[in-house]
Amino acid sequence: MLYRSRPENARLLSTRPLSRASSALRFCSDSSSVLVTDKTGDCYQYDCVEVEAPPRLLLGHLSVVYDILWSEDQQHIITCDRDDKIRVTNYPATFDIHSYCLGHREFVSGLALLTEQHIASTSGDKTLRVWNYIQGKELLQHELPAPAVRLLVRQLEPEKVFQAAVLFYEHVDALGLYRLERSSDDTWSVTATQLVCAEAGSWSISNFTLTSDRIYITGAENKRLSLRVYDIATGQPASSGVPEGWLKMVLDGLGANEEGAPPFIPEDLSVWFKKRFDNVSDYLERKKRRIEEQQQQKCG
Amino acid sequence: MVATGGQAQDQSQNQEPDVLNPTSAVTGLPQKRYYRQRAHSNPIADHSFDYPARPEDVDWRSMYPSIQQGQQVSFADVGCGYGGFLVTLGEMFPEKLSIGMEIRVKVSDYVVDRVAALRRRCADTGAYQNIACLRTNAMKYLPNYFSKGQLEKMFFLYPDPHFKRAKHKWRIINQALLSEYAYVLRKGGLVYTMTDVEDLHKWIVTHMEEHPLYERLTEEEANADPITPKLYQSSEEGAKVVRNKGDHFLAIFRRL
């Protein structure tokens, strides 16, 4: 579904069916089209001007694509998947893969553009990394306390200082905030870390967004959609600045408080992790036994 | 079953005397009957693969003990089966490193044991040091093993046809994967495809010709390639087809 947003209200522009449930979505910088990926790893481009135009299949992964970026100049599409990969594809020649950013050891859950050449990524392998995606080169690897399931980045100083916010998978702290600084062309470091508990454990957190001073977190409380606001500086529930009744109004608008509203159950993210079932050691054990038996037969 | 066993014996008489003595699994070449496995594998499911994060993390020396500094794998036989063609590649191109990639546990283990046995038997000449087999899912992990433009030749010989329409996405040649093959192939590199299923052959040719990074070699070019006659002979699957007098379909493509 595509809406045109206006200050006072939103107008529905077009509704188009997807062949499969989508896994990530990104508009290009001028909003003229939108990229949608699905659970099988296919990535389609939907035109937002010619809304009747059929979608174009741009590229395909062999597993779920969790995030997608479109570089500012629209020369590259960057996708990340459950098979630990970040792929940089040329645009519009999407049949031509420009590079891979490889190094993560679990699903890559989030991507964010930093500069014309740099991106940040987070993964289930408990790392936050910075890459030169043009060269497919890793520039920074920062350990996280838990697997990361979502990433948001805010620019603090153009080309230089960024705030990366990472949502963790089942951790005592829900979020980590990291100050990313670029000291020279290709040198990046994390210069400050702040963990935000956000009452993790008492409700099941599903997503978040942030502004310069607050973090808005959504989740489920007694199977009802819930929205909570935290102060970015202290990590405590925001005490001021949020108008009385505003949260209730937003949730009412979403129908979350209605009697008989369907239960809100966040996606089970445990399935993102690979099941490494072992089909080799059993076979090798049997083979070893067979060889031993043969040797015994020969001796006997 | 009988046919494959016969194939092993044919080879022992023709090419690999002593080595393929099926009576000695411990010291001689491995016996195929212990390594038989169903021909199909789901390439999209999770398997327990120990794959490297990046090409620079691959321990090539464990596979090619005499690999030289800076030497790289140039040829990849994707879905190498029991390794018949891989062995031929090793003999035809002693200076090049060839890798066989096979997803099935027992079958890839057979090739590993076969290469080891061949190397032992040829320890004095150093033959077969240039071939190795890797158990992996080539549909998923090629970029984990090979850097951009590394490969000179890729072989897709008698791939699983996955006849059912719902399983077409499992086919080793499809639109999305062709871009990945183009990534690991150098410009001018070649893709060899061979099948005895005419529908699959048409599917392959259609997809390769639609892809902007490949062009098909003309029949003259394909026939002039010294590898072409070997493709009809060497792979075990191929030998079976020859006996069955079936048709087989070859197509070679250049990476542009």
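How many residues does the contact take from chain B and from chain A? Colour the two chains separately to see this contact, which takes 24 residues from chain B and 26 residues from chain A, two residues being in contact if their C-beta atoms, placed from the backbone, lie within 7 Å. This is a predicted model, in which local features need pLDDT of at least 70 and side-chain atom pairs count only at pLDDT 80 or more, while totals for chains, interfaces and linings use all residues. Residues are numbered from 1 along each chain as its sequence is written, and chains are lettered from A and ligands numbered from 1 in the order in which they are written.

Stay with the side of chain B that touches chain A, where α3 (105–121), α4 (138–145) and α5 (175–184) of chain B are the elements giving two or more residues; helices (H or I, at least four residues) and strands (E, at least two) are DSSP runs numbered from the N terminus. Of these, α5(B) gives the most, with 5 residues.

Next, select the strands of chain B, where 7 strands form an open sheet of mixed pairing in the order β3-β2-β1-β4-β5-β7-β6, two strands counting as paired if DSSP finds at least two bridges between them. At the edges stand β3 (131–135) and β6 (214–216) of chain B, each with a single partner strand, so one side of each is left without a neighbour in the sheet. Further in, 3 bridges join β1 (residues 73–78) of chain B to β4(B), and these two strands run parallel; in β4(B), Met154(B) is the bridge partner of Ala76(B).

A residue is buried if 20 or more other C-beta atoms lie within 10 Å of its own, exposed if 12 or fewer, and partly exposed in between.

Select Asp160(B), where UniProt places the feature "active site", although such annotations may be inferred rather than shown by experiment. Asp160(B) lies in the loop between β4 (151–157) and α5 of chain B, and counts as partly exposed with 18 C-beta neighbours inside 10 Å.

Finish at His61(A), in the loop between β6 (56–60) and β7 (65–70) of chain A, which is buried, with 24 other C-beta atoms within 10 Å.
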